[in-house]
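Hi there,

Here is the structure I promised to pass on to you. Have a look at it first, and then read my notes below.

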Amino acid sequence: MSVRVRRIYEPPESGDGLRVLVDRLWPRGVAKEAAHVDEWPKGLTPSADLRTWFHGGGSYDEFRARYEAELAAPEAAELLDGLRESVREGPVTLLTAAKTPERSHAQVLVELLGG
């Protein structure tokens, strides 16, 4: 199993495997053709309210707990299970525009996927 996080602004690499955008909004300045995104499961992304709260100064630990609660909802849980299956089949790269991916929702997903 191999899952990792990369910034979408970085060029694709041959070892990326399945490239999954995990941001709700399309990143500014990135052409869809150049991004080489295979999947964009918006239902896996933090809600607009949670994202606004976090960027307004919320703590990462509280964000993580709230995000995990959102991921327990049926639609998100189903998408997360599908992504787990993809990870079992080969490498998966989670793409995000976050400036600090290691303290973002993408990192939470990596940990939940066993990466």
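At roughly what angle do the axes of H2 and helix H3 cross? The axes of H2 and H3 (residues 60–71) come within 10 Å and cross at roughly 175°. That makes H2 roughly antiparallel to H3, a label for angles over 145 degrees. Axes are lines fitted to C-alpha atoms, for helices over the stretch in contact, with angles running from 0 to 180 degrees between N-to-C directions. Helices are DSSP runs (H or I, at least four residues), numbered from the N terminus.

Before you go on, please note that this is a predicted model, where local features need pLDDT of at least 70 and side-chain atom pairs count only at pLDDT 80 or more, while totals for chains, interfaces and linings use all residues. Residues are numbered from 1 along each chain as its sequence is written, and side-chain values use heavy atoms, leaving out hydrogens and water.

On the H2 side, Leu50, Trp53 and Phe54 make the contact (heavy atoms within 4.5 Å). Their partners on H3 are Tyr60, Glu62, Phe63, Arg66, Tyr67 and Glu70.

Not counting residues up to four places away in sequence, Gln107 touches Val5, Tyr60, Pro101 and Glu102. The side chains of Gln107 and Glu111 are joined by a polar contact of 3.0 Å; such a contact is a pair of N or O atoms within 3.5 Å, and within protein one must be able to donate a hydrogen and the other to accept it, with residues adjacent in sequence counting only if both atoms are side-chain atoms.

Enjoy exploring!

Notes. Helices (H or I, at least four residues) and strands (E, at least two) are DSSP runs, numbered from the N terminus. Angles under 35 degrees count as roughly parallel, over 145 as roughly antiparallel, 65 to 115 as roughly perpendicular and the rest as oblique.
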